[in-house]
Amino acid sequence: MKKHCKKFTAGILSAAMLVPTAVSIAEPVRTSAYELLGETTFEHKMIPWHAVETAPAKQTFELTDGAVKLSILVPNGAEWERWDLQFKHKNLSFKAGHEYKVSFKSKANREGMELYSFIGNLSDSEEYFVLDGSTNDMHMGPDMGGQWPFCAVRLMTEWQTYEGIFKPLNDIESAQWAFQYAMGTKYSGNAKSGDEIWFDDMSIEDLTDKEYVPPVSSFGYTNRGFSGLENNFISVNQLGYYKGLEKTATLGNNKGDFIYGAESIELTDSYDYEIVRVSDDEVVYTGKTSEPKKDKDSGDNVCKIDFTAFDEVGEYYIRIKGENWRSFPFRIGTDIYSDSEHNMLTNALNYFYQNRSGADIESEYITSGEKDKLAHAGFHKTDTGYVQTQWKGEYLADDEATNYYASSKLDASGGWYRSGDHSKNMTDGGISVWTLQNMYERAAESGKGKKFADGSGTVVIPESGNKYPDILDECRYELDFMSRMKVQPDEKTWGKYSGMYYHCINDHIWRSLTDRPDNGNYKDIRVIKPPTFAATLNYAACAAQGARLWKAYDAEYADKLLESAKEAYQAYKANWYKAESYEYANEVSLYDPKSMYSPDDEVSADAYWAACELYITSKLMNDEDAAAYLDDLSGYKGAFTFSPRITGGSNQPGDFTFTLFRSENIATAGSLSLLMHKYLLTDEQIEMLNSSLLKTADDYIEEEDSQGYGIPYKYYDRGYFDTDWRPEIYYRGFEYDSNGRALNNMIAMAYAYDITGDDKYLNGVTRGMDYLLGNNPMSYSFISGYGSYFTKNPSHEYWQYEINKSLPQAPDGVIVSGPTAKAIDSYVRAMGIGYGNPNDPSERFYADSVESWSTNEASLSGNASLAWIVSFLQDEASEKPSANSASGDVNADGEFNTADLVMLQKWLLGKPDAVLKNWKAADYCNDNVIDTFDLCLMRKAIIVSKQ
């Protein structure tokens with residue numbers, strides 16, 4: 001079937017020459033036989049064909065004269081085999097007994113370039129139909145009753161056609177058609193740097209079934225046209241809106257949609273809108289939109305729809321009176337994010353269980369999706385890695401990782417995997433542990449912590465029933481892994497830095513998505529990168545934070561955590577040195593192979609964060625060093641403050657990303673912890689925290705108000721180059737993980753609500769969720785399983801149904817990274833998305849594909865932030881809080897003050913002189929139980945009353 005779009009080029013070209021593709025996915029064209037391939041002639045696009053490389057092998061591609069041209073830059077990769085460079089089409093299925101005509105054309109810029117091709121399984125372990133250079137045709141392969149090819153084809157400089165008839169003996173699903181041509185040592189391949197190879201007129205025709213019409217595939221393109229709803233020009237939160245809070249939607253003209261032929265409308269004035277009840281199609285409310293305005297980031301003209309005044313519980317949709325423009329259905333209710341049948345917090349937190357390393361993932365602990373398919377045997381049951389003597393990005397041979405650069409071995413079992421490569425990283429794990437522990441601590445401090453109690457069902461894990469809060473058990477799984485990454489004094493390369501922590505453990509080479517630990521070709525060579533200041537401080541901060549949370553449940557473990565946190569912090573101080581690279585200190589020197597400055601981390605921010613956590617815990621656990629930690633954190637340039645922008649790390653020198661915190665600069669996490677424990681601070685310090693937090697939250701809300709679709713995020717106008725990935729392109733637009741940046745900004749609003757009780761901050765949080773759940777230019781939910789049109793294929797090592805039907809789709813509650821101008825993976829480049837043109841609507845640069853890691857990545861930190869926000873909304877918005885019937889006046893003296901707090905605390909500790917004169921007043925949670933949750937809620941109320 002033919003696709004119609006603009007011609008594009010993806011390769012080493014100037015940014016000015018690169019423009020987004022405009023693509024139309026047309027209905028299949030009926031012929032005498034049907035075509036299996038998603039693209040055959042390359043007139044306008046390459047997807048679903050892919051150019052694949054194994055580092056350090058490298059190639060670029062472009063579409064030229066209706067053909068694909070691949071240019072080879074580095075001809076050999078880690079394997080030194082022909083498959084280090086490939087061109088392939090996945091997700092092919094065949095029926096037993098059918099005949100398929102397979103054909104293609106190819107040529108090279110020099111005669112004699114060797115080409116091997118086969119149709120086989122995704123792991124390359126079976127070959128069903130092969131290209132044979134001895135006959136210059138294709139025939140049945142060794143795994144389908146045929147023969148191995150005698151030799152590779154030797155290409156000509158003129159087009160040659162190769163074909164054959166494939167007759168599968170059995171049904172085949174999730175196969176691939178692969179072409180391989182890198183420089184090999186054992187199995188064919190003589191590529192050279194500068195070689196060029198062309199492909200065209202690719203075809204696999206089913207000659208047997210003449211009635212079947214193949215389904216139309218979007219190939220990951222995400223827009224209103226693929227949403228399944230006609231005339232979908234009104235974006236809403238497809239999950240729903242809280243009764244009693246603001247409710248906004250957006251009418252957009254869809255002019256920013258870069259897909260050729262995408263339907264759009266003209267917006268010239270304000271419009272009358274109608275809210276229609278789904279059950280009987282009755283109009284229940286009417287109103288008027290705002291005047292249209294231009295929204296740069298989406299490329300649309302938009303009209304805002306504010307229907308806050310309508311507050312009746314039910315299910316509705318919005319339409320424009322006199323037009324056929326409408327929205328998806330949505331609910332108004334009090335349990336939007338806490339529906340007992342589909343609890344978003346439970347599903348979001350289940351992400352961490354399903355990404356445990358070394359543990360069997362069992363169906364009884366999976367909370368959504370295809371539980372039997374999502375369950376699988378654990379990978380890396382014992383995860384032993386080779387500690388490396390220096391930073392090394394690429395290994396030319398296995399022996400380099402296991403011998404030449406290896407210093408020792410270390411057991412780094414346990415922990416959580418990152419989504420894309422089975423690595424485990426101390427900074428990504430660190431920010432995620434902190435966020436989850438902070439979520440729990442906030443709930444406990446506000447009297448809502450019971451939902452995380454042992455066996456509550458909020459967190460579903462095997463450890464449930466051990467009398468510890470289940471969320472702390474989940475965090476402990478990662479904390480215990482982090483503790484194993486400690487440098488020991490007898491380590492021959494790094495022993496002199498004893499007490500610091502190694503940065504990460506990962507495979508020694510970058511792998512394709514199909515090369516997983518559960519297939520036969522996987523080489524289990526794990527390497528541990530050198531120790532870094534960032535890894536050491538991440539452990540110190542998270543262990544110190546965890547110590548105070550565990551104190552009430554496992555005092556021995558809590559003491560161990562605090563002691564190890566203190567040791568890590570001291571190891572950092574003993575070994576710290578100022579970086580001597582780039583324009584400012586604390587940025588990694590990429591030219592120092594033994595640097596302790598890891599990529600993308602701003603170390604002084606990490607040190608402040610760690611000192612904050614150590615100070616709070618030391619005070620609460622009566623540790624003698626608390627004053628020293630207060631002195632250290634007070635010396636940080638941004639102590640006791642917040643900023644709407646952060647610097648350092650992955651942000652270019654002089655760049656300021658509009659977000660509260662990220663793993664590369666996490667200083668404000670320390671300030672958030674201080675804010676939660678402000679009773680440990682002076683009045684001046686409290687005022688600094690309060691005022692700067694409110695100013696920061698106000699800035700995020702102001703941006704939310706100005707955005708066409710209400711995202712609390714914007715990019716930095718200056719733009720930037722990316723020297724690591726595409727140095728020839730100047731990016732201006734949404735940064736990587738725009739959804740994660742927005743979520744972290746919503747955490748600032750949530751804290752502002754805790755301080756003030758002002759609903760504008762609560763509404764700011766819900767509006768941010770509106771964007772993520774469908775009120776965006778694509779009318780699309782970025783959270784799997786939630787909404788009408790939602791992500792199904794996040795980039796992940798196991799949830800790969802898109803390319804391998806034997807594997808599952810993602811479970812529900814997974815947030816993806818979202819639109820970005822840095823859409824740089826080969827999948828989106830083949831779609832024509834991105835390239836950094838300053839006029840491009842980067843809010844649309846997104847593809848729902850497993851292979852689009854730059855726009856559709858699942859992550860630990862993203863799901864931790866999502867869980868935090870959902871937990872907050874469950875606490876504060878699910879039921880609008882009513883005034884406490886309990887006054888808190890436990891000593892019955894007519895006042896509610898700190899004397900009541902002291903009395904209740906003594907009573908809970910069993911002090912004989914503590915007498916509760918007013919039991920009803922002591923039950924501050926109104927749950928007929930008097931416990932520490934009442935104490936926490938009373939403490940918060942007293943603090944707020946003093947502001």
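Modeller: Strands are DSSP runs of E, at least two residues, and helices are runs of H or I, at least four residues, numbered from the N terminus. This is a predicted model, where local features need pLDDT of at least 70, side-chain atom pairs count only at pLDDT 80 or more, and totals for chains, interfaces and linings use all residues. Residues are numbered from 1 along each chain as its sequence is written, and side-chain values use heavy atoms, with hydrogens and water left out.

Biologist: Fine. What kind of peptide bond joins Ile47 and Pro48?

Modeller: A cis one, with omega about 10°. Pro48 sits in the loop between β4 (34-35) and β5 (49-53).

Biologist: And what about the bond that joins Ala55 and Pro56?

Modeller: Cis too, with omega about 10°. Pro56 lies in the loop between β5 and β6 (58-64).

Biologist: Why flag these?

Modeller: Most peptide bonds are trans, and most residues other than glycine have a negative phi.

Biologist: Is Asp65 buried or exposed?

Modeller: Exposed, because its relative accessibility is 72%. The cut-offs are under 20% relative accessible area for buried, over 50% for exposed, and partly exposed in between, with a 1.4 Å probe and protein chains only.

Biologist: Where is Asn91?

Modeller: In strand β8, residues 85-94. Phi of Asn91 is near 65°, again positive in a non-glycine residue.

Biologist: How accessible is Asn91?

Modeller: Asn91 has 33% relative accessibility, so it counts as partly exposed.
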